[in-house]
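The entries follow the order in which I checked them.

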Amino acid sequence: TLTLTLTLTLTLTLTRAFALLREMEAAGIQPTVVTYNSLISACAKGEQAQWALELLREMAAKGLAPDVKSYSAAVSACARGGEGKEAQRLLQEMTARGVPPNAVTYTSVMAACETGDEALALLRQMSASGMAPDRVSYNRVLAACAKSRQWQMLDKLFEEMASHGIAPDVTSYNATLTACARAQEPHPNPN
């Protein structure tokens, strides 16, 4: 019931936020990129991917260029809302429009990946663009490995984390244990 209460509260809050946007416009106050970013971030928290995407389209229709915060929040909304392919499409769109993704963007898309291979490819892309992966990004890859039962990748990822001076945390180990449990095969190296 707590989840239902929180979901209902977020939905009502988002509904009110959209009403405020329309009130602003009716009063002749033009929303800015910051206005839209706030709304899209609220959509991410409420797992409302379609609303976030609608806001991005509305921004473009009004001549406002979405920035990295706009896209990152929309990607997060898609990832949280189960729209992984849409999150990946937004990453491609933003780079095509000259908006360079940041670490938040990449880790949000990684969270939406269905396989460890997809998430690892994004980790490599992130590195190639000059951003050093951190524990959060590695944990996203580990979680994708767990989701797709790709336990064979785990040792290499832990070694790579160590080589970058990144110590695993409880999230890292939980993802690893989940991957092993889902694979229903013993992990070859429990240490």
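Is the crossing of α2 and α4 left-handed or right-handed? I found it left-handed; the term applies if the near helix is turned anticlockwise from the far one by less than a right angle, and right-handed applies if clockwise.

Ground rules next. This is a predicted model, where local features need pLDDT of at least 70, side-chain atom pairs count only at pLDDT 80 or more, and totals for chains, interfaces and linings use all residues. Residues are numbered from 1 along each chain as its sequence is written, and side-chain values use heavy atoms, with hydrogens and water left out. Helices are DSSP runs (H or I, at least four residues), numbered from the N terminus.

Entry: α2 and α4. I looked up the geometry of helix α2 (residues 33-45) against α4: the axes come within 8 Å and cross at roughly 15°. Axes are lines fitted to C-alpha atoms, for helices over the stretch in contact, and angles run from 0 to 180 degrees between N-to-C directions. That angle makes α2 roughly parallel to α4 (under 35 degrees is roughly parallel, over 145 roughly antiparallel, 65 to 115 roughly perpendicular, the rest oblique). I then listed the contact (heavy atoms within 4.5 Å). From α2 come Val 33, Asn 37, Ile 40, Ser 41, Cys 43, Ala 44 and Lys 45. From α4 come Lys 69, Ser 70, Ala 73, Ala 74, Ser 76, Ala 77 and Arg 80. By class I get 7 nonpolar, 4 polar and 3 charged residues. Here Ala, Val, Leu, Ile, Met, Phe, Trp, Tyr, Cys and Pro count as nonpolar, Asp, Glu, Lys and Arg as charged, and the others, Gly among them, as polar.

Entry: α8 and α10. Helix α8 (residues 135-147) and helix α10 (residues 170-183) have axes that come within 8 Å and cross at roughly 15°. So α8 is roughly parallel to α10. The crossing is left-handed. On the α8 side I noted Arg 135, Asn 139, Leu 142, Ala 143, Cys 145, Ala 146 and Lys 147. They meet Thr 171, Ser 172, Ala 175, Thr 176, Thr 178, Ala 179 and Arg 182 in α10. This contact divides into 6 nonpolar, 5 polar and 3 charged residues.

Entry: α5 and α6. Helix α5 (residues 84-96) packs on α6 at an angle of about 150°, with the axes 8 Å apart. That makes the pair roughly antiparallel. α5 passes α6 in a left-handed crossing. Gly 84, Ala 87, Gln 88, Leu 91 and Met 94 of α5 touch Thr 105, Tyr 106, Val 109 and Ala 112 of α6. I count by class 6 nonpolar, 3 polar and no charged residues.

Entry: second largest pocket. Among the lining residues I noted Ser 41, Lys 69, Arg 80, Val 104 and Arg 140. The classes are 4 nonpolar, 5 polar and 3 charged. A pocket is an open set of points on a 1 Å grid over the protein atoms alone, where a 1.4 Å probe fits, with protein on both sides within 12 Å along at least five of seven lines; lining residues have an atom within 4 Å of a point.

Entry: positive phi. Most residues other than glycine have a negative phi. Glu 47 has phi near 55° and lies in the loop between α2 and α3 (49-61). Arg 149 has a positive phi of about 60° and is found in the loop between α8 and α9 (154-163).

Methods
Helices (H or I, at least four residues) and strands (E, at least two) are DSSP runs, numbered from the N terminus.
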